[in-house]
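Please look at the sequence and the model below before reading on. The paragraphs that follow go through the structure part by part.

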Amino acid sequence: STNPLPNFFKKSIKALMKKTFIPLTIGGGLTNLEQIDECFELGADKIILTSAVKTYPDLINSCSSKYGAQAVSVGIDFKKIYVGNKNKESYYFSYINNGKDKFMSLNEHIKFIKRFKFGELIMTSIDMDGTGFGFDKNVLKLLDNKIRFPIVLSGGAGKPQHFEELIKNKKISALVTGNLYNFLGSGLQMLRKKIVDKGVNLRVI
């Protein structure tokens, strides 16, 4: 038996598709290929799988085989954990199920997903997400320069300076923000101008 997408979810996506013309990535609780089929039928350009890496790992390659690896993003939600009372050391761990359950160390998680076929890795800092205080730049020190898939960093951007600090970093392919778009009416235009002024070549829109 299959478990179709909830009606409220489908209604939300349909409403969104009527108002936007940008590429759309859909995710959140996807557990089977039938649900993913529905996402693409609704107009998704990509789907993102995060907790499924543990609970339904075969789903990643199944989706890539059907739609192409470029249509599949893998998400990692990560958090910094401090250990010890004095001179605390910090370690990065990944979390699943909306950040409720610790999964494994971030290094091990990145190694684990190398067995799958997908188009990009979206890494979101649970600590920084929604704060507007900036991206977790320290996590980039853990990333191997030889990682074959594009890495997108998310969580914490609140002003153009946060993009300027990382936009030319060769370990990442893209940066994500919702804060600048949702709370600043001209956030997109302001951000693009700042980045172009820094000599980064962006497509004209």
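In this predicted model, the buried residues of helix α5 are covered by several elements, including α3 (52-55), β3 (72-83), β4 (89-96), β5 (101-105) and β6 (120-125). Which residues of α5 are buried? Helix α5 spans residues 106-113, and its buried residues are Leu 106, His 109, Ile 110, Phe 112 and Ile 113. Viewed down the helix axis, these buried residues fall within an arc of 160°, so they line one face of α5. An α-helix has 3.6 residues a turn, so residues three or four places apart point the same way.

Next comes the nonpolar core. In soluble globular proteins, nonpolar side chains tend to be buried together. The largest nonpolar core of this model has 49 residues. Those with the most contacts inside this core are Ile 47, Leu 49, Ile 113, Phe 118, Leu 121, Met 123 and Leu 153. What does Met 123 touch, if residues up to four places away in sequence are not counted? Its contacts are Ile 76, Phe 78, Leu 106, Val 139, Leu 143, Ile 151, Val 152, Leu 153 and Ser 154.

Thr 124 is placed in strand β6. Is Thr 124 buried or exposed? Its relative accessibility is 15%, and buried means under 20%, so Thr 124 counts as buried. Leaving out neighbours within four places in sequence, Thr 124 is in contact with Ile 76, Asp 77, Phe 78, Asp 129 and Ser 154. Ile 76, Phe 78 and Ser 154 are also touched by Met 123.

The cysteines can be treated briefly. How many disulfides does a search of the whole structure find? The search finds zero. Cys 39 is in no disulfide, and the nearest cysteine sulfur, that of Cys 63, is 8.9 Å away. A disulfide needs two cysteine sulfur atoms within 2.5 Å, so the sulfur of Cys 63, at 8.9 Å from that of Cys 39, is too far away for a bond. Cys 39 is buried, with a relative accessible area of 0%, and Cys 63 is buried, also with a relative accessible area of 0%.

The model also has open space to consider. The largest pocket holds about 2,000 Å³ of space. It is lined by 50 residues, and Pro 23, Thr 25, Ile 122, Val 152 and Val 176 lie nearest its centre. Val 152 is also one of the residues that Met 123 touches. Helix α8 (residues 187-197) gives the most to the lining of this pocket, with four residues.

The phi of Asn 97 is near 55°, a positive value in a residue other than glycine. Asn 98 likewise has a positive phi, of about 60°, although it is not a glycine. Asn 97 is partly exposed, with a relative accessible area of 32%, whereas Asn 98 is exposed, at 74%. Asn 169 lies in the loop between α6 (160-164) and β8 (174-176). This residue is partly exposed, with a relative accessible area of 26%. The C-alpha atoms of Asn 169 and Phe 78 are separated by 20 Å, and the two residues are 91 residues apart along the chain.

Conventions. Residues numbered from 1 in each chain as written. Predicted model: local features only at pLDDT ≥ 70, side-chain atom pairs only at ≥ 80, totals over all residues. Heavy atoms only, no water. Core = buried A, V, L, I, M, F, W, Y, C linked by side-chain atoms within 4.5 Å. Buried < 20%, exposed > 50% of the residue type's maximum accessible area, 1.4 Å probe, protein only. Contact = heavy atoms within 4.5 Å. Helix = DSSP H or I, 4+ residues; strand = E, 2+ residues; numbered from the N terminus. Arc of directions from axis to C-beta. 1 Å grid on protein atoms, 1.4 Å probe; cavity = no way out; pocket = protein on both sides within 12 Å on 5 of 7 lines; lining within 4 Å. Points joined across faces, edges and corners; volume = space filled by probe spheres on them.
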